[in-house]
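I opened this entry to record what I looked up about strand order, strand pairing and helix packing. My notes follow the structure below.

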2 protein chains.
Amino acid sequence: MRLLDQTRLPQAQVWLTCRQVEDVAEAIRQMRVRGAPAIAVAAAFGVALAARQAAAKGATVAAVRAAAAAASQELAQTRPTAVQLFAVLAALRQVWEDPGVDSGQALAEHITRAAERLAKTDSQVNRKIGDWGAQLFDRPVRILTHCNTGALATVEYGTALGVIRSLHREGKLAGVWVDETRPFLQGARLTAFELLQENIPFHLITDSTAAVLMRAGQVDAVVVGADRIAVNGDTANKIGTYGLAVLCRYHGIPFYVAAPMATIDPSAANGQAIPIEERAAHEVTEVLGQPIAPAGTPVWHPAFDVTPADLITALITEHGVLARPNERRIRDWLALQDAAAAGAGEGDV
Amino acid sequence: MRLLDQTRLPQAQVWLTCRQVEDVAEAIRQMRVRGAPAIAVAAAFGVALAARQAAAKGATVAAVRAAAAAASQELAQTRPTAVQLFAVLAALRQVWEDPGVDSGQALAEHITRAAERLAKTDSQVNRKIGDWGAQLFDRPVRILTHCNTGALATVEYGTALGVIRSLHREGKLAGVWVDETRPFLQGARLTAFELLQENIPFHLITDSTAAVLMRAGQVDAVVVGADRIAVNGDTANKIGTYGLAVLCRYHGIPFYVAAPMATIDPSAANGQAIPIEERAAHEVTEVLGQPIAPAGTPVWHPAFDVTPADLITALITEHGVLARPNERRIRDWLALQDAAAAGAGEGDV
């Protein structure tokens, strides 16, 4: 299993070979693969890898099942905030617990096919998100986005960056403001890389430049992704998202969250129920391994923040645009989705 | 003339030797010396250096005067936004144009003494600012500050950091949130360095972490410095300041600007009259000389922004605290200061 090492981009395109599920887990922990959908799909292939390795050694169905469960458990402990990881692991569990499979080899195959379907679904979902998002605008707009939500963060196309791609394709994009997204610099390193490759017009700014751009009337909308959305609409996303939402409110600019329905966590009543990962101080005090602060500097480094639903103009999902999200509207949509899935036939991951 | 190279801190304490006024100008342009008061005082000594060099070669009064004027002209072209630079050069002009001096040597001495007085005054002004600021609080508070406004940005003590020093001395400081201040990292590199040296409790955060700290009730006030204050109270300061002021308004947190009266520019009617320096793209796309964005990334990099007066709770100056600054209040204070200076005797720089 091969992963592009995102900590080395854009300077170097280094592919990691993951031979064990431990390698996949470590790549997620170290943010070599990052972005909620990409993490989830990488984890699915990590479970498949463990199952195939067990099957290749002639393991029984029970042993392959145990290998998949152990792999899932390890992968679930990598990063706590993004919920798609847990949704995907739960979906895979239904596959490996399927009592109708009679050989270890067949079960490993089933799990692999399920991981492939998840990857394909993610790609389709992103294109739908992009196209729904683009329909929000009827003239060329300047979009500010945060972090990286593009092909590198998903299987392909992207969520918030998918909206930007669709706008560009439809001739409705006047330009993109890419904030650098300290400390991990996903904007400067990854979003800038993707937009340059696609010839999409943009400017890079420091995170603290967003406010004055808004004041100058240079931002028509902010579009961001999400790591987990509580059932009331409160949204956890990369640190800095909440501040952008407040700035949008103050300047009368719409603030959109583009994310798959799988980002909604029905078990989280509101933002307070979402665990926020705090990461190591050195990610703030060093850039590319070079210290930028004196030794011994104390740091507070939450990797995510929560934007309350009342600051969100709309959620953009694969099912459409949900304006002014609140618990009633979100539960209605989840019920609709469940009914549609039941109608489409069960067992589909 | 020796200057501590602030681009090398905190990793290395490198002292630059400036042998010519051109060296001083280049050090200001390259931000090896930065901070509005420090730039102004460095420029004053740059003029003195040029005058002394001319005098040492036996120059006439007229030639020393010409050397000072030429040095002043060169130094005035280094950085456009901070106004203290121009105020100090104007004050020195009164000295070098003094018709009562009869030798080049004597004139160079006069200019040098004037530069020394300016440095001493800056230090006294900062202590007064700090002490007035500390009187705003009657219990231990958590202050968030931006950029570096400490001993490195001034002659000593600091402006916003002077308020923090005074609070600490008076036992009214619960802690400081230091934002890193991209792209030049004055917070991470310089403010953290000063606070560690003084054993003042603080945490470093990325710029985009401020909002969520405010939401969590962890910030009692924001105190920043200023590069230029228009006569209506609009304040130019390091990029990112305006966003903090908006976040303060949204969260009901007081926002203070700590700066000497010399920061007020009576010729600037409002913020639109303040020139905002835009700096080179590589300051954003590189950190410590290492690229963090792909080659060819377009950048928008204003070094400062303007915070409108209505977002400023109060100005903290050496004369006291001016709440809810507006043109009438500021003009009253400037008139009071002029009257006091006239009473104290003219000719004092």
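I counted two strands as paired if DSSP finds at least two bridges between them. The model is a predicted one.

Entry 1, chain B. I applied that criterion to β3(B) and strand β6 (residues 221-224) of chain B, and found that two bridges join them in a parallel run. In this pairing, B:Leu144 is opposite B:Val222 of β6(B). I then looked at β4 (residues 173-179) of chain B, which pairs with β3(B) over five bridges, also in the parallel sense. Here B:Leu144 faces B:Trp177 in β4(B). I noted that β3(B), helix α6 (residues 160-169) of chain B and β4(B) form a β-α-β unit that is right-handed.

I next asked how many of the five residues of β3 (residues 141-145) of chain B are buried. I found four of the five buried, so the strand is largely enclosed by the rest of the structure.

Entry 2, chain A. I traced an open sheet of seven strands with mixed pairing, in the order β5-β4-β3-β6-β9-β14-β15. At its edges I found β5 (202-205) and β15 (320-323) of chain A, each with a single partner strand, so one side of each lacks a neighbour in the sheet. I recorded an average twist of 25° from one strand to the next.

A:Leu144 is set opposite A:Trp177 of β4(A).

I saw helix α6 (residues 160-169) of chain A lying across several strands, including β3 and β4, at about 160° to β3(A). Helix α7 (residues 186-198) of chain A lies across β3, β4 and β5 of chain A, at about 155° to β4(A).

Key: Residues are numbered from 1 along each chain as its sequence is written. Chains are lettered from A and ligands numbered from 1 in the order in which they are written. This is a predicted model: local features need pLDDT of at least 70, side-chain atom pairs count only at pLDDT 80 or more; totals for chains, interfaces and linings use all residues. Side-chain values use heavy atoms; hydrogens and water are left out. Axes are lines fitted to C-alpha atoms, for helices over the stretch in contact, and angles run from 0 to 180 degrees between N-to-C directions. Contact means heavy atoms within 4.5 Å. Buried means under 20% relative accessible area, exposed over 50%, partly exposed in between (1.4 Å probe, protein chains only). A crossover is right-handed if, with the strands pointing away from the viewer, the path from the first strand over the helix to the second runs clockwise.
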